[in-house]
Amino acid sequence: IARLVRSRVGRRLGWGASDLEDVVQEVLLNIHLKRATWDEARPLLPWVNAIADHRAIDAVRKRARDGRLVAAS
């Protein structure tokens, strides 16, 4: 799963390896925490991709917030 998540998030964000790996770890942690929400009658990959997409969006928002805070100082 980590390889699939890394590929998906990497394509979406285009960030360096260190920043990308932080997001991948967040996704993997969220998959673990939310595993009870997955319906076994449905495919796994779309569920994983949805979590990855949401974490990627959160990472972009955090980076934007941090960038504004630094620029305003």
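Modeller: A contact means heavy atoms within 4.5 Å. In this protein, residues 24 or more positions apart account for 56% of the contacts with a separation of 6 or more. This is a predicted model, in which local features need pLDDT of at least 70, side-chain atom pairs count only at pLDDT 80 or more, and totals for chains, interfaces and linings use all residues. Residues are numbered from 1 along each chain as its sequence is written, and side-chain values use heavy atoms, with hydrogens and water left out.

Biologist: How many helices and strands does the protein have?

Modeller: Helices (H or I, at least four residues) and strands (E, at least two) are DSSP runs, numbered from the N terminus. The protein has 3 helices and 0 strands, and its pattern along the sequence is α-α-α. Its C-alpha atoms fill a box of roughly 50 × 20 × 15 Å along the principal axes.

Biologist: How is the span of a helix checked, and what does α1 show?

Modeller: The expected span is 1.5 Å times one less than the number of residues. The 12 residues of α1 should therefore span 16 Å, and the end C-alpha atoms of α1 are 16 Å apart, which agrees. Just after α1, G14 takes a positive phi of about 65°.

Biologist: Which residues of α1 are buried?

Modeller: Buried means under 20% relative accessible area, exposed means over 50%, and partly exposed lies in between (1.4 Å probe, protein chains only). In α1 the buried residues are V5, R8, V9, G10 and L13. Across the protein, buried residues make up 27% of the 73 residues.

Biologist: Is R8 buried or exposed, and what does R8 touch?

Modeller: R8, in helix α1 (residues 2-13), is buried because its relative accessible area is 17%. Leaving aside residues up to four places away in sequence, R8 touches N49, A52 and D53. S7 also has its place in helix α1, but S7 counts as partly exposed, at 35% relative accessibility. S7 and L20 are 13 residues apart in sequence and 9.7 Å apart in space, C-alpha to C-alpha.

Biologist: How many residues does the largest nonpolar core have?

Modeller: A nonpolar core is a set of buried Ala, Val, Leu, Ile, Met, Phe, Trp, Tyr and Cys residues joined through side-chain atoms within 4.5 Å. The largest one here has 15 residues, and those with the most contacts inside it are V5, V9, L13, V23, V27 and I31. At least two residues of this core come from each of α1, α2 (17-33) and α3 (44-72). The largest share, 6 residues, comes from α3. Apart from residues up to four places away in sequence, V5 touches G10, V24, V27, I31 and V48.

Biologist: How are aromatic pairs classed, and how many does the structure hold?

Modeller: Rings of Phe, Tyr and Trp (its six-membered ring) pair if their centres lie within 6.5 Å; planes under 30 degrees apart count as stacked, over 60 as edge-to-face and the rest as tilted. The structure holds 1 aromatic pair. The ring centres of W38 and W47 are 6.4 Å apart and the planes stand at 40°, so this pair is tilted. W38 is partly exposed, with a relative accessible area of 28%, whereas W47 is buried, at 17%.

Biologist: Which residue lies over the face of W15?

Modeller: A charge sits over a ring if NZ of Lys or CZ of Arg is within 6 Å of the ring centre and within 35 degrees of the ring normal. Over the face of W15 lies R63, at 3.8 Å from the ring centre.

Biologist: Which element has the lowest mean pLDDT?

Modeller: pLDDT is the predictor's confidence in each residue, from 0 to 100. The protein averages 88, and 92% of the residues score at least 70. Among its elements, α3 has the lowest mean pLDDT (83) and α2 the highest (93). Where pLDDT is low, the predicted coordinates should not be read in detail.
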